[in-house]
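Good morning, and thank you for the time.

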Amino acid sequence: MKRLSWVSVADFLSAQRSIAAGADVLLVGDSLGMTVYGFLDTKSVTMEMMLAHTEAVCRAVNGKIPVVADMPIGTYETPGQALKNARQFLRVGAHSVKLEGAVFPQIEYLQKEGIGVVGHLGLLPQQAETFSVAGKTLEESMRIQRESKILEDLGVSEIILECVPESLGKAITDKLSIPVIGIGAGRFVDGQVLVYSDLTGRSDAYFRPKFLRRFGDVASEEERSISAFVKSVQDGLFPAEGEKY
């Protein structure tokens, strides 16, 4: 099976760059609460925020690859609420929605209504008080494995597995026939997802979870460009003769 590359994006230009670079799937993740809005976690993200960013990303994608939208906290408390809000994401162009945790009645209801669902197990940012590795104990590991099988039986298309021991990531991947996409789940899953601003080196350097590899240093280049602009303005060199009407 081809290893899948997912990129979590929040805007039109990031989506364009990710498509051009060969990403398989774009996730409009509620991590944008931190990377775009400066929140400390994902718990303050709203439907209005997620819909606006999802629509912008889908405008860039224009059907080229799938777009998965995170349903933010408090928007899928019941099956009926989940359906109402999931339909809004599909209206703005999303291919499917992602729900965190063992919300089996909601997922079953969405599937019956023809709405594609991606599951999310392991560390659950919408619920977690602290960001730590999930599934370290035998009891917790077995629970996550049971939940993953139930999600597969309910018909989810993929499962995001976040911040778990590599052995658990492998065990779940080996047991399931659907793709398991890891973020801090080790080497033996079917694909990986990272946030655009993290993998490009645009996010603050103090955010360094063990699983995160920075594949670029966009922040330094952005600062260099802005600094050059500021100096050119201060020195009276911008705009130049050829940059006027």
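The largest nonpolar core has 54 residues, a nonpolar core being a set of buried Ala, Val, Leu, Ile, Met, Phe, Trp, Tyr and Cys residues joined through side-chain atoms within 4.5 Å. Buried here means under 20% relative accessible area, with exposed over 50% and partly exposed in between, for a 1.4 Å probe and protein chains only. The residues with the most contacts inside this core are Leu26, Val57, Phe89, Val97, Leu99, Leu110 and Leu161. Helix H3, residues 47–61, gives the most to it, with 8 residues. Apart from this core lies another, of 9 residues, including Trp6, Leu27, Val118 and Ile183.

Before going further, a word on provenance. This is a predicted model, in which local features need pLDDT of at least 70 and side-chain atom pairs count only at pLDDT 80 or more, while totals for chains, interfaces and linings use all residues. Residues are numbered from 1 along each chain as its sequence is written, and side-chain values use heavy atoms, with hydrogens and water left out.

What does Leu110 touch, leaving aside its neighbours within four places in sequence? Leu110 is in contact (heavy atoms within 4.5 Å) with Ala82, Leu83, Ala86, Val97, Leu99, Ile115 and Val117.

**The fold**

The protein chain has 9 helices and 8 strands; these are DSSP runs numbered from the N terminus, helices being H or I of at least four residues and strands E of at least two. The radius of gyration, taken over C-alpha atoms, is 20 Å, close to the 18 Å that the globule rule gives for 245 residues, so the chain is as compact as a globular protein of that length. That rule is 2.2 Å times the number of residues to the power 0.38.

The strands form a closed barrel of 8, in the order S1-S2-S3-S4-S5-S6-S7-S8, with parallel pairing. Two strands pair if DSSP finds at least two bridges between them. Strand S1 (residues 4–8) is joined to strand S8 (residues 191–195) by 5 bridges. In S8, Ser5 has Gln192 as its bridge partner, and Val7 has Leu194. Towards S2 (residues 25–28), S1 pairs in the parallel sense over 3 bridges, and there the bridge partner of Val7 is Leu26.
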